[in-house]
Amino acid sequence: MSQLLDSEENTPLLKDDTCRDDSQGQEYKNRWRSIRVMYFTMFLSSVGFTIVITSLWPYLQKIDASASASFLGWVVAAYSLGQMLASPLFGLWSNYRPSKEPLVCSLFVNISANVYYSYVYLPTTENKFHMLMARAFVGFGAGNVAVVRSYVAGATSLKERTSAMANMSACQALGFILGPALQAGLSFVGETGFSVEIIDLQFNMYTAPALLAAVFGVINVLLVTLVLREHRVDDHGRHIPAINDVSEDRMEVSPDTVEANDRVAVLVSNVLFFVIMFIFAVFETISTPLSMDMFAWTRKDAVLYNGIIISCIGLESILVFIIVKMVSNRIGDRPVLLAGLAIIFCGFFILLPWGNQYPVIQWAAASNYSFAPTPASNYSFAPTPASNQSFEATGCPAEQTWCQYVPAIHLAQYITSDVLIGVGYPACNVMSYTLYSKIIGPKPQGVYMGWLTASGSGARTLGPVFVSQVYTHLGPRWAFSLICGMVLGAIVLLGALYHRLIAFSVRHGRILEQ
């Protein structure tokens, strides 16, 4: 790992990351206070996505019966598409103006979009498209992640960077935990809930999480407005003027090296981040329909159980971030990234179907569906009640023809895969954008972080759409095999260009690499 000539820090999670002579100064305290506001903003972005992710599919089915599993992919992708479009714009804005401006603007968009999501049941037709638009606007507001990453990269020294990024990822993981946990808790409100007639609102297990996310947004606006201040330091932690006015104090970066970051390393970092976000988008999108198909869970069960599972993965991620901070200080960022990709590969490989036991066929779909005879002992059908119209059909829909010949995924496989992905993903996530910020160097990083965030958002746009199509038509064997191939490609790419993924200051000989 890149290190300064003095010793590396070793600090607890979410604590100030160095002990310096000026650590008691007001400037230092203000800087870390502002950084913590950015941590909360990252937390809010994570909550805004995960707080409804496990209930999207049942909510979509409830408000619009014409919605298909393929359309669910578009709804999930809409968030990321909005974020992809907004990230470079907010990043560019933050390069020339105080970070507070794009942050407040994005938060107001986020709050409004969550309120819109809470009312998508009101229109009499095309409700699914209203949900699509609401999620797109929530994602557009979440484009402030580029500003957050740029601010933290610019407000920390190279020595502080990995720890600060791990802290930020820990806050993201806390949001990842709290979102599904809140959704799981609010599921006890029920699908009916109660009505607030004065504002024509149905408060239920689907609308309550979005309204809570809007409340978090209001709190975030207050923190950004009242607490956040602009701070910028160089690679050694010395204060330099903020908002792109850095020429006087950037004494160690000569004019001919300001633009001389490694373009290949920058491109490869974006590609790796795309792959990491793509495979996780696949995982989070498929979890609900996969569990409903394979384990014959009802909509409410799927929301509750997957909420619990994803919350446990988030807790696991917190532990991973603590370990990553310690391990990366000793062996470097790149080996941790490589190990994380290998673990993710194992997670998806384990999830491949095997054996001769097949999913339960959904009775509602199977009743009017004919197919070639196969060994009857290998199939089971959910019972068909004669007259109970409120009965919810469960199992694998027979119109998904792969249900007839692809073996079932067992719950033990599903849980084991969750555990492995919960280790590999957070390690890869924090290491990929930590390396990226170091590769870019001392220049303002708003636009670069905008492109990185757009890269990840593009992955989260394409991932759900692609996999929902593959999963729906070809089944989990094809879907997860393709993901395994993509992870292997990322491992090969990282290995081939391993020597170029180094910090700007290391590349120019200002800091030693051990």
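What is the volume of the largest pocket? About 380 Å³, in a model that is predicted, where local features need pLDDT of at least 70, side-chain atom pairs count only at pLDDT 80 or more, and totals for chains, interfaces and linings use all residues. Residues are numbered from 1 along each chain as its sequence is written, and side-chain values use heavy atoms, leaving out hydrogens and water.

**The largest pocket**
- A pocket is an open set of points on a 1 Å grid, with protein on both sides within 12 Å along at least five of seven lines, and lining residues have an atom within 4 Å of a point.
- Here 21 residues do the lining, and Trp57, Gln61, Asp293, Gln362 and Pro397 sit nearest the centre of the pocket.
- Helix H9 gives the largest share, three residues (helices are DSSP runs of H or I, at least four residues, numbered from the N terminus).

**The cavities**
- You'll find ten cavities of 30 Å³ or more; in a cavity, a 1.4 Å probe fits but cannot get out.
- The largest cavity holds about 350 Å³ of space.
- Its lining has 25 residues, with Ser46, Gln172, Met277, Tyr425 and Arg460 closest to the centre.
- Helices supplying at least two lining residues each include H1 (26-50) and H3 (69-96).

**Around Met326**
- Met326 belongs to helix H10 (residues 299-331).
- With a relative accessible area of 37%, Met326 is partly exposed (between buried, under 20%, and exposed, over 50%, using a 1.4 Å probe and protein chains only).

Conventions:
Points joined across faces, edges and corners; volume = space filled by probe spheres on them.
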